[in-house]
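Please keep the structure open beside them as you read.

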Amino acid sequence: MAYKLIALDLDNTLLNAKKEITPENRKAIAAAREQGVHIVLASGRAFPGIKPLLSDLGLTDYVVACGGAQVIDPWENVVHSIYLPPIGAKQVMRWAAVRDIHFQIYLDEGIYYLKDTPYADLYRRLCSYGGVADPDIMDMETVLTSKIVMVDEEEKIQEYERELRPTFPEFAYPKSQKGFLEVISPDATKGNALAFIATKLGIEPSQIIAMGDNSIDESMVEYAGLGVAMENATDNLKSIANYVCGTCEQSGVAEVINKYILGV
């Protein structure tokens, strides 16, 4: 099978624990691009947190941002977006605010939160992109947000998820990494976003490789002809993947490109 597109999650997939691209991954991606393979970065991050990596790797392809809630074209236009229902989004914001939980809303113009906290700083360090403190976001009449993210200690995040799921069953709660709880539309998945891109490019699912490590990646790993889980992935993602590669520290992305694209 000649694969024409590789969709790559970022954190703990393409990027190692230091948030770096290993030389092996960098070399393999460049070689795949030379063969005409599309490299689609697919992240829970907002686009500004992905853009520096595009420049770093010299990529000019579509991007999946906000966990699948947005698709950005090569000219940096948002060509596909799925927002949370405004009333429901406001209710989730109130739920978090009364409990003094750090949460961030992802508007088209950027990320906003109520006040600066250590968790805002943590997000900025982990994703190389931060937001803006604005106490007036609770007064917005209509909140058009692609997702809401709560940041806290992992144990507390699990408690929040257990309470939120039955309280707001209309939303999805995928995990991108420890300490983050994402609240998005059930339709805002990496798999749906990848299908949108594939249609635009005239590429069949069987011609796609998708790689990830967490529950937020499950939909695109299932959609792709070759779904790959990192060795450091969740057990559930491994169970639905066609192949399990090395860890993000072991340049698992390069392993897959070398095996299935370059044949080395």
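1. K238 is partly exposed, as its relative accessible area is 22%. Its partner in a salt bridge is E231, with the closest N and O atoms 3.1 Å apart. E231 also counts as partly exposed, at 39% relative accessibility. Please bear in mind that this is a predicted model.

2. Now look at D11, which counts as buried because its relative accessibility is 6%, under the 20% cut-off. The side chain of D11 meets that of K19 in a salt bridge (2.9 Å, N to O). K19 is partly exposed, with a relative accessible area of 23%.

3. D11 also forms a salt bridge with R45 (2.8 Å, N to O). D11 sits in the loop between strand 1 and helix 1, and R45 in the loop between strand 2 and helix 2, so this pair ties together parts that are 34 residues apart in sequence. R45 is buried, at a relative accessible area of 4%.

4. How many salt bridges are there? The count comes to 13. D9, K190 and D217 are linked in a network of them.

5. Just after helix 1, G36 takes a positive phi of about 85°.

6. Which residues of helix 1 are buried? They are N25, A28, I29 and A32. Seen down the axis of helix 1, these buried residues fall within an arc of 100°, so they line one face of the helix. An α-helix has 3.6 residues a turn, so residues three or four places apart point the same way. The face of helix 1 turned away from the buried side carries the exposed residues P23, K27 and E34.

7. What do the buried residues of helix 1 pack against? Their partners are strand 1 (5–8), strand 2 (38–42), helix 2 (47–57) and helix 9 (252–262).

8. Finally, turn to an open sheet of five strands, with mixed pairing and the order 8-7-6-9-10. Strand 8 (132–133) and strand 10 (180–183) are its edge strands, each pairing on one side only. Strand 9 (residues 148–151) runs antiparallel to strand 10, and four bridges join them. In strand 10, L181 is the bridge partner of M150. Helix 5 (residues 154–167) lies across strand 9 and strand 10, at about 25° to strand 10.

Terms used. Residues are numbered from 1 along each chain as its sequence is written. This is a predicted model: local features need pLDDT of at least 70, side-chain atom pairs count only at pLDDT 80 or more; totals for chains, interfaces and linings use all residues. Side-chain values use heavy atoms; hydrogens and water are left out. Two strands pair if DSSP finds at least two bridges between them. Helices (H or I, at least four residues) and strands (E, at least two) are DSSP runs, numbered from the N terminus. Contact means heavy atoms within 4.5 Å. Axes are lines fitted to C-alpha atoms, for helices over the stretch in contact, and angles run from 0 to 180 degrees between N-to-C directions. Buried means under 20% relative accessible area, exposed over 50%, partly exposed in between (1.4 Å probe, protein chains only). The arc is that of the directions from the helix axis to the C-beta atoms. A salt bridge is a side-chain nitrogen of Lys or Arg within 4 Å of a carboxyl oxygen of Asp or Glu.
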